[in-house]
Amino acid sequence: MTATDHSIELIKAAAQAAADKLAHDIIAYDVSDVLSITDAFLVASAPNDRQVKGIVDGIEEALLKELGTKPVRREGERDGRWVLLDYIDIVVHVQHSEERVFYALERLWKDCPEIELPSDAVATRGKGEEHAKLYAAEADGDLS
């Protein structure tokens, strides 16, 4: 079994919306062979709580405007550290960078096929690490 065309369309629209809101390390997996509750996961991250919330809002707005769909459930919004949007066919995880490293969802789903994403979303890979290095350098006072 593979993700449906509708699921792929949702994933690609959500990935583009996340990239437009400057999410980091956007990746998607076809989990339809191992889970019966959804076809695909999209994972994205941001360096602060406010940006996590902005990415989530951007994804919701884009999927409503472009595809006329709303999430059936939204969890984790209060803390802004890990927000989950459940669209039944897909589940979107937007995590604070620290949660992304700690929970390592990619490790859990690494055996599932990756879903091809728009080039803007693919270009975000590695940005979280770059941001972490810059933040560490700023904290140490070393901006060379």
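Is Glu75 buried, partly exposed or exposed, and what is its relative accessible area? I looked this up and found Glu75 partly exposed, with a relative accessible area of 37%. My cut-offs: buried is under 20% relative accessible area, exposed is over 50%, and partly exposed is in between (1.4 Å probe, protein chains only).

A note on the model before I go on. It is predicted, so I keep in mind that local features need pLDDT of at least 70 and side-chain atom pairs count only at pLDDT 80 or more, while totals for chains, interfaces and linings use all residues. Residues are numbered from 1 along each chain as its sequence is written, and side-chain values use heavy atoms, with hydrogens and water left out.

Next I looked up salt bridges (a side-chain nitrogen of Lys or Arg within 4 Å of a carboxyl oxygen of Asp or Glu). The structure has 9 of these salt bridges.

I went back to Glu75 and found its side chain in a salt bridge with Arg73, at 2.5 Å from N to O. Arg73 is partly exposed too, at 41%. Arg73 also forms a salt bridge with Asp86, with the closest N and O atoms 3.5 Å apart. Asp86 sits in strand β4 and Arg73 in strand β3, so this pair ties together parts 13 residues apart in sequence. Strands here are DSSP runs of E, at least two residues, and helices are runs of H or I, at least four, numbered from the N terminus. Asp86 counts as buried, at 10% relative accessibility.

Last, I noted a network: salt bridges with shared partners join Asp49, Arg81, Glu98 and Glu99.
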